[in-house]
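Hello,

Here is the structure we talked about. Please have a look before reading my notes below.

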Amino acid sequence: MVGNVRYELEHVTKYRYGVPVRNCAMSLALKPTEDRRQRVSGFRIDTEPTGSLFQVEDSFGNTRHQFHLYREHRSLVITARSTVDVAPGDSSPERLEDEAWETIRGWRNSFHHRVYLDHSALARPSSVLERFVRENGIKPTDDPLNALERLSATLYDRFHYDPGTTTFSSTIEHILCSGRGVCQDYAHVMIAIARTWGIPARYVSGYLHDVAAEDNGDGTTTTHAWVECQLPGLGWTAFDPTNATRVDERYVRVAVGRDYRDVSPTHGVLQGGGEIEIEVAVTMRPLSGTHPDTAQSGREETRR
């Protein structure tokens, strides 16, 4: 049985500006979540040049850091280092209770669930989505948990993982028409469909440990995205449609929101800058415990 895994993470973002920036204000969503499955034993943000940095909590419960730099600079490097202990995922039943759909329907007028039931800019219904759902025979089964697992598997099978084909601002129409995208696109499509079924769904940002890269002596990875859906009796339940698997101890959770725009690792405003080059590098290494096993997913490939 796989036990807890401790990860050491480093997330480096480098900005290079075509003309000097006079000042900037940024919001950083880089600190991993503290919850019953995750414990953060170390976290630090360093910047070059240095500026003022303070911690806040946003409306979704995420920890953010507000960064301000009020002097001229031509480049900016933001380095976040974390040490995180992750426990294995909870076992789930094969199906939910018979009244599950009735309970979900009762959430429609609930203020508590509204934020994740309303459609958002990057995860919304459209005629293209309706056609995709119809052509692929996607529909809810008599059990919500089973329906979501089937939906995740369908997206894995129908889409081709192809980095560089979409951007952080791409809507779901791009992957629905081209069949190509990355983890955030898979997540946005699953969220949009789950919400049309009346299931509260939210976007999760974080990291996925690549066992193959670790075996090759390379701890480099990328950020990853998956989905959490609210289910009766289970609460927020995670699905990774990019890999057609449930979320386990290979995943480190950072932030949640309605879609990518709510959880972007870095965003802000600046004066000056001109043309901007951005470079992101992430390393993720297990320090102790049993190494995560990709065979748990039942897939030969781990996508991002």
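How far apart should the ends of helix H6 be, at 1.5 Å a residue? The model is predicted, and the helix runs over residues 183-196. Its 14 residues should span 20 Å, and its end C-alpha atoms are 20 Å apart, so the two agree.

H6 is mostly covered. Of its 14 residues, 13 are buried. After the helix comes Gly 198, with a positive phi near 85°.

The largest nonpolar core has 55 residues. Leu 148, Val 189 and Trp 197 touch the most other members. H6 gives the most to this core: 9 residues.

Trp 197 deserves a click. Leaving aside residues up to four places away in sequence, Trp 197 touches Trp 101, Ile 138, Lys 139, Pro 140, Ala 147, Leu 148 and Leu 151.

Now the surface. Leu 270, Ile 276, Ile 278 and Val 280 form a nonpolar patch there. Together they have about 340 Å² of accessible area. Strand E15 (residues 276-288) supplies the largest share of the patch, 3 residues. Val 280 lies in this strand. Is Val 280 buried, partly exposed or exposed? Its relative accessible area is 48%, so Val 280 counts as partly exposed; exposed would need over 50%.

Best wishes

Conventions: Residues numbered from 1 in each chain as written. Predicted model: local features only at pLDDT ≥ 70, side-chain atom pairs only at ≥ 80, totals over all residues. Heavy atoms only, no water. Helix = DSSP H or I, 4+ residues; strand = E, 2+ residues; numbered from the N terminus. Expected span 1.5 Å × (residues − 1). Buried < 20%, exposed > 50% of the residue type's maximum accessible area, 1.4 Å probe, protein only. Core = buried A, V, L, I, M, F, W, Y, C linked by side-chain atoms within 4.5 Å. Contact = heavy atoms within 4.5 Å. Patch = residues over 30% accessible without salt bridge, like charges linked within 9 Å, V, L, I, M, F, W, Y side chains within 5 Å. Areas by Shrake-Rupley, 256 points an atom, 1.4 Å probe, with all protein chains shown as cover. Salt bridge = Lys/Arg side-chain N within 4 Å of Asp/Glu carboxyl O.
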